[in-house]
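Load the model and keep the selection panel at hand.

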Amino acid sequence: MSCEDNGLLERLLECETELAGYKDDVATWTDSLEELSDIEDAFTAKEEKLHGKTILDIGTDCVKPLYIALKFEPEKIIGINEYLSSYSFAADLEQKSRLFTKTKIHLYNCSFFDEVQLGKIQRRNTIDFVLVSKTLHHLRAGECIAEKRDEKHECQEDEDSCIYKFEEQDIFKRLLRLGKRVIIYEWFDPTDEDVDKVRGRGGYFTNKEWRRIFSHLSENYRVEFVEPLRCRLEKKEVEKVMAKLRQVDCVCFHVETK
Ligand SMILES: [Zn+2]
């Protein structure tokens, strides 16, 4: 193959990567719409209006804030994501959304675990709702539990091979320190692998993890389910929710202090 051909091949591969990026961008816009049909019910429980309210969107996809702004017109939406730069349209969206919504949208490159930056955001805003959409399983911060699932796991403490424990006690305590109502939306499939390894080091929650999370929440918080069924999560409802969980691919609920 000549040098010229090599150059062409390289360019083609670049184009392919670029195209894949655009495809992901488009998927973000349509996926976001799908998620919102469940999430909006969690915002507006008790016939609440969002006017004058502030929402913190953790692990934002940058698109949901715009949709929420257009439909519900809250005062402000603050989106944080530690990989904000992977959303090529984030800056444009933040700037240009001002032309057609009064809701202030602010997007920050910030991790949920960055207490300093998050503290600054919190001091400047009174947050009413904390949205955690498709992000809860990325908030794993405990020790590696990969060995429990695979005996052959040799722990290198790296992002690719390890699966860290989800520490529900700590995470929900932190989330409820940020805002009054925490809305969780998770899409999952136990048979599918989550290729996005950020902090979750992959891995949607297993049924065992969900049971542990729901038990903890039912005992300590006021939890209302929107999907897969509508109910207040009392201790005795945990198994009912677990049975439903096997038939669906998403879960949506909101958590408040008792
Ligand atoms: Zn490990």
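What arrangement do the 4 donor atoms around the zinc ion make? It is tetrahedral, because the angles they subtend are 103 to 120 degrees (four donors qualify if all angles lie between 85 and 135 degrees).

This is a predicted model: local features need pLDDT of at least 70, side-chain atom pairs need 80 or more, and totals for chains, interfaces and linings use all residues. Residues are numbered from 1 along each chain, and side-chain values use heavy atoms, without hydrogens or water.

**Zinc site.** Select Cys144 (SG), His153 (NE2), Cys155 (SG) and Cys162 (SG), which coordinate the zinc ion at 2.1 to 2.4 Å. Donors are N, O and S atoms within 2.8 Å of the metal (3.2 Å for Na, K and Ca). Their spacing along the chain is C-x8-H-x1-C-x6-C. Cys144 is partly exposed at 21% relative accessible area; Cys155 is partly exposed at 45%. Buried means under 20%, exposed over 50%, partly exposed in between (1.4 Å probe, protein chains only).

**Helix H8.** Next, select residues 238–245. Val238, Val241, Met242 and Leu245 are the buried residues of this helix. They sit on the same side of H8, because their arc around the axis covers only 100 degrees (taken from the directions from the helix axis to the C-beta atoms). Helices are DSSP runs of H or I with at least four residues, and strands are E runs of at least two.

Key: Tetrahedral: all angles 85-135°; square planar, octahedral: opposite > 155°, others 65-115°.
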